[in-house]
Amino acid sequence: MSERRRIYKYLSASGIKTLRTGLLKFSPPSEFNDPFEMQPFLVNVAPEDQVEREFAERYESLVEEGYRKLPQPIRERATYEQYRAFAEAKKSQSLQNLKGLFHSMAPAMREKFLASINSTLGVFCMTEAHDSLLMWAHYADKHRGFVLEFNREHAFFSRKRGPNDEFNQLLPVLYSSARPNDYLANMDVTSVFLTKSEDWRYEQEWRILAPLSECTVNRDGIHLYEFPPECVTGVIFGCKIAQADENEMMEVLKSGRRYAHVVCTRARLDEKEYRLHFESV
């Protein structure tokens, strides 16, 4: 299979349960190791020109609604025309009050927005690189774990339900020197969920976003989603994996027909350079 069709997941040796159960763990952003993860700076709820435009578009209906909500005795003494003239005199001040309200609400709305993401969204992270020394050290337990290789063209990685659906499909992470900084009204999937600092570019990351409400198993706050065995194409053992862990994994791969197609390789340190070689098991 060409490199273009592959995508990888680094796991510690305990990740053998992923193959045993056929379940992938999707994590809420609060569990990520980057504290800037999905923490865009919220300038305000909406740009001033947008507030002004929407205020103008809804002005007449707001005045009518305000008059209808007046107590009956007041409406008997003041006509709608009189009330509208009063509202017109206060129109400029009402717009300024609305802008001030949005500005004061921005911090609380940002916290509510981020809390909502953490309680409703799960993320599964993968990479284009199977030979990153840093990721083997950080995510595969100091090379004692393994890497799962997937066919990125499998239907499991492209299950969007419509043209505007960003869930259940592979999406590339973008790397930027500038932290996402925008109005809440302008926030989109890329700025919130798929932008990280340039410091993380070496990870060559891709993600799948999924609603936590749709997980297959929700146990003790851990959200697991079922995956088809045929989307797994390979297992790469770390160069320091314990023999017992490798034996256990081989037992899972060879039991039954689920993973009969999976190719196993082992990482080996290059004798002269800072790089890995991969040999068949």
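Two residues are said to be in contact when heavy atoms of each lie within 4.5 Å. By this criterion, residues 24 or more positions apart account for 75% of the contacts with a separation of 6 or more in the protein. The structure is a predicted model, in which local features need pLDDT of at least 70 and side-chain atom pairs count only at pLDDT 80 or more, whereas totals for chains, interfaces and linings use all residues. Residues are numbered from 1 along each chain as its sequence is written, and side-chain values use heavy atoms, with hydrogens and water left out.

The protein contains eight helices and 15 strands, where helices (H or I, at least four residues) and strands (E, at least two) are DSSP runs numbered from the N terminus. Its radius of gyration, taken over C-alpha atoms, is 27 Å, well over the 19 Å that the globule rule (2.2 Å times the number of residues to the power 0.38) gives for 281 residues, so the protein is more spread out than a compact globule. Along the principal axes, the C-alpha atoms fill a box of roughly 90 × 40 × 30 Å. Of the 281 residues, 43% count as buried, a term that stands for under 20% relative accessible area, with exposed meaning over 50% and partly exposed the range in between (1.4 Å probe, protein chains only).

In soluble globular proteins, nonpolar side chains tend to be buried together. A nonpolar core is here a set of buried Ala, Val, Leu, Ile, Met, Phe, Trp, Tyr and Cys residues joined through side-chain atoms within 4.5 Å. The largest such core has 33 residues, of which L19, F150, F157, V232, V235 and L253 touch the most other members. Among the elements that give two or more residues to this core are strand 1 (6–11), helix 1 (16–21), strand 5 (146–151), strand 13 (232–237) and helix 8 (243–254). Helix 8 supplies the largest share, four residues. Apart from this core lies another, of 14 residues, among them L114, V192, F193 and L194. When residues up to four places away in sequence are not counted, the residues touched by F157 include I7, M126, F150, I208 and C231.

Strand 13 is mostly covered, as six of its six residues are buried. Strands are taken to pair if DSSP finds at least two bridges between them; strand 5 and strand 13 do so in the antiparallel sense over five bridges, with V232 of strand 13 as the bridge partner of F150. Strand 13 also pairs with strand 14, in the parallel sense and over four bridges, and F237 stands opposite R266 in strand 14. From strand 13 the chain crosses through helix 8 to strand 14 in a right-handed β-α-β crossover, that is, with the strands pointing away from the viewer, the path from the first strand over the helix to the second runs clockwise.

Strand 12 (residues 222–226) pairs with strand 2 in the antiparallel sense over four bridges, and K25 stands opposite L224 of strand 12. Strand 11 (residues 217–219) is joined to strand 12 by three bridges, again antiparallel, and L224 is also the bridge partner of V217. Strand 11 and strand 12 form a hairpin with two residues between them, and D220 in the turn has a positive phi of about 55°.

In the loop between strand 14 (263–269) and strand 15 (276–280) lies D270, which counts as buried at 16% relative accessibility. Leaving aside neighbours within four places in sequence, D270 is in contact with R275 and H277. The side chains of D270 and H277 are joined by a polar contact of 2.4 Å, defined as a pair of N or O atoms within 3.5 Å, of which, within protein, one must be able to donate a hydrogen and the other to accept it, residues adjacent in sequence counting only if both atoms are side-chain atoms.
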